[in-house]
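Have a look at the structure first, and then read on.

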Number of protein chains: 2
Amino acid sequence: MKTYNQPSPDQWATLLERPLMDVSDLENRVSTILQKVQQEGDRALRDFTARFDGVQLEGIAVSPEEFAASEALVSQALKQAIQTAHTNIDQFHRQQQLQTEVIETMPGVKCWQKSVGIEKVGLYIPGGTAPLFSSVLMLAVPAKIAGCQEIVLCTPPAKDGSVHPAILYTASLVGVSKVYKVGGAQAIAAMAYGTETVPQVYKIFGPGNQYVTAAKQLVNKSGLPIDMPAGPSEVLIVADNSANPDFVAADLLSQAEHGIDSQVVLVAFEEAMVRRTLDAVDRQLVDLPRQEIARKALENSPAVILESEEAALQLVNQYAPEHLILSMDRALEFAGHITNAGSVFIGHYTPESVGDYASGTNHTLPTNGFARSYSGVNLDAYVKKITFQQLSAAGLQKLGPVVEQMAQAEQLEAHKNAVSIRLKALKEID
Amino acid sequence: MKTYNQPSPDQWATLLERPLMDVSDLENRVSTILQKVQQEGDRALRDFTARFDGVQLEGIAVSPEEFAASEALVSQALKQAIQTAHTNIDQFHRQQQLQTEVIETMPGVKCWQKSVGIEKVGLYIPGGTAPLFSSVLMLAVPAKIAGCQEIVLCTPPAKDGSVHPAILYTASLVGVSKVYKVGGAQAIAAMAYGTETVPQVYKIFGPGNQYVTAAKQLVNKSGLPIDMPAGPSEVLIVADNSANPDFVAADLLSQAEHGIDSQVVLVAFEEAMVRRTLDAVDRQLVDLPRQEIARKALENSPAVILESEEAALQLVNQYAPEHLILSMDRALEFAGHITNAGSVFIGHYTPESVGDYASGTNHTLPTNGFARSYSGVNLDAYVKKITFQQLSAAGLQKLGPVVEQMAQAEQLEAHKNAVSIRLKALKEID
């Protein structure tokens, strides 16, 4: 990490610059994949899976037998851990449900909002060496609570055509039965357009590589909503003098191991804290299986020494970190002033990894400064809020003249007339 | 309108087909405008305004004097109407505020969500002959309630360089002081990138023509959020035998007068109801200033006769109308089963125009079937919901082993270590 001692605020933007993630050069290739899936359906999925995942699929859908077999392949300890995480995530997201409340804005004018689950949603879970069953929890639990009728999950198969049992176990636990062995841009296409096997959905969620990102961007441009724009994962840690350098180092590394483009920012108030933390990083790094990745991520990451908590607050809100860890004695108070962040981890015993897995909050969060305008995935992401209004005759008699006045001023005579014709009829009844 | 008597469900999609709104052919032209504004700032805004709006601007920003002058130019009656609408809209959106509630998912594991207004938002209000001050209310009121710090409003000037006083009066009333005389794609560019005069924003809202739509799509593709994808406005009316054909006709016309591509759908259960409604349409049409527009919109619009309310419900949820008017005796009950719609107008005395202006609900709603997955504009659209978590030492001792188990299974050793190192330290204290 490169250390910056009390840089002036006008230097912050430069030293906190994020790596560019531009997938526009992939657009043509990905667009071809999308088109082929749209035209050829399952056949295209099989072709791309053979080409990119190196396996000739028998069935694209995971069979009931495969689901059943997964149960025995996951250790009891892991099952229990997943169950606990499930309970916490379920509890936190269930509390986000909208209670419909009728507002009478004027006598006889009732208005309300009702939350209705998006009927069909698609979840993408990346493949690779590690099975990201935690993302299954984070994406499927709120979908279930929202009442989404059809939940489709796509994930690339391993070379032997299997899906990792921990993924299948978790999907089963949450109640997702439609799991398909398809990855990459072709998976996004399958869910966007539907194929003979994979159902079409109305919104797509989930992380992925640059092909998945480009595919999500392209289908989004045609009006299909996605969870949020993607970027490399990141953490910013504010460590005051009460912080434990070993803890802070471990937190920095837990972000750095994600990928070589991970962003890791340390903000402290004393040079000694930075030095002791970086020493601890060096000590811990050597034991990590993913140390090469972490090392590269750290090379491009800054440690910033600031003179005050006010300055730190300003820097944090300007950077808008995906994850914000507050290793501070007065962390809760500091947290109260945060305006731009995805998820905030308060105090010395709240590492980011608790939120990544099991505290209850969602780990699908806005990166790349998108926290200025986007929320992380929450229950809202899976519902539409429909508005309703019901006027009594008396309500229309009261509100009608207001509408007539405004419609006339906007020169929309038929809008006015829809009120006038009713008011006239009511007058005749009187 | 063309009448379809009991079409089978597999014909519905075809007869309800919406006009395509493809702006991709404009991309190059709009992209050039965006680039020029990004590079040249105010100078480009002045050039484009001269070219497209036919006026050489003195100042781009509306001056305090112009605001003050607008006050006297709006009639007392219109001011009062706007104030009443303001009160209702404010009341309905204020009720949507999130109350932060701390959830203890496990002993010592506290999680909560906090709603924070997006710091800077941009509102676009189209120009033209009629001043759309109602859109100022609909877009600015929730921005104020959300606590957005900077609200920027762009609207094209008239040929004399003025902005309609009703727009300025409404902006003032709501508390929006940064109004800029710039329209079209150049306005979207100004708010997306910022110029010497127009501040850069983090999200853009508002209706507009095809250039505005294309510009919003392009900036959205680069990660700047927008309210929702655009499409022609539409209404679907379900009229049972209790409906008043004159009322229904007036409602159809109030949608049809919007534009020649407006979508207007009538669903009834008796041929007589359709016939009487269409007769009423013909009678009312002749008195409308915008009758030519309405006539063209109606030409492409279907009236559908169905055999049951169940079938109607199915058709409505499949079509996902922006506006849904239920001119039915049991409208409230029917409304309870709606899963896809923007806003629903219940009963014989609730014309769409009350929601367009003043009932309290928002009139910025998802068109083109987007109601399947998008909400209309509401308070959520102006905030991020940030999550927080705080674990006590005891909380981490309880939850930590769960996280260790899961992180290990995902092969993220540093994630595990961020917990282990703390648990070890706690053990040493004990």
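## Sheets and the chain interface

In chain B, 4 strands make up an open sheet with parallel pairing, in the order S6-S5-S4-S7. Strand S6 (178-181) and strand S7 (203-205) of chain B are at its edges with a single partner strand each, so one side of each has no neighbour in the sheet. From one strand to the next, the twist averages 25°. Strands here, like helices, are DSSP runs numbered from the N terminus (strands E, at least two residues; helices H or I, at least four). Two strands are called paired if DSSP finds at least two bridges between them.

Before going further, some notes on the model. It is a predicted one, in which local features need pLDDT of at least 70 and side-chain atom pairs count only at pLDDT 80 or more, while totals for chains, interfaces and linings use all residues. Residues are numbered from 1 along each chain as its sequence is written, chains are lettered from A and ligands numbered from 1 in the order in which they are written, and side-chain values use heavy atoms, with hydrogens and water left out.

Another open sheet has 9 strands with mixed pairing, ordered S1(A)-S10(A)-S9(A)-S8(A)-S11(A)-S12(A)-S13(B)-S3(B)-S2(B). Its edges are strand S1 (2-5) of chain A and strand S2 (103-106) of chain B, each with a single partner strand, so one side of each is left without a neighbour in the sheet. Neighbouring strands in this sheet are turned by 20° against each other on average, direction ignored.

| Strand pair | Bridges | A bridge pair |
|---|---|---|
| S4 (120-124) and S5 (150-155), chain B | 5 bridges | Leu123(B) and Leu153(B) |
| S13 (383-391), chain A, and S12 (343-346), chain B | 4 bridges | Thr387(A) and Ser343(B) |
| S1(A) and S10 (302-305), chain A | 4 bridges | Thr3(A) and Ala303(A) |

Two helices of chain A pack on the sheet that holds S1(A) and S10(A). Helix H10 (residues 245-256) of chain A touches strands S8 (234-239), S9 (263-268) and S11 (323-327) of chain A, and its direction makes about 160° with that of S9(A). Helix H11 (residues 271-285) of chain A touches S1, S8, S9 and S10 of chain A, with about 140° between its direction and that of S9(A). These angles run from 0 to 180 degrees between N-to-C directions, with axes fitted to C-alpha atoms, for helices over the stretch in contact.

How many residues of each chain take part where chain A and chain B touch? In chain A, 119 residues are in contact with 119 residues of chain B, contact meaning heavy atoms within 4.5 Å. The two chains bury about 10,200 Å² between them, 61% of it on carbon and sulfur atoms; this is the accessible area (1.4 Å probe) that two parts lose on being put together, summed over both.

Between chain A and chain B there are 6 salt bridges (a side-chain nitrogen of Lys or Arg within 4 Å of a carboxyl oxygen of Asp or Glu). A salt bridge joins the side chains of Lys221(B) and Glu27(A), at 2.6 Å from N to O. Helix H17 (residues 413-429) of chain A gives the most to the side of chain A that touches chain B, with 11 residues.
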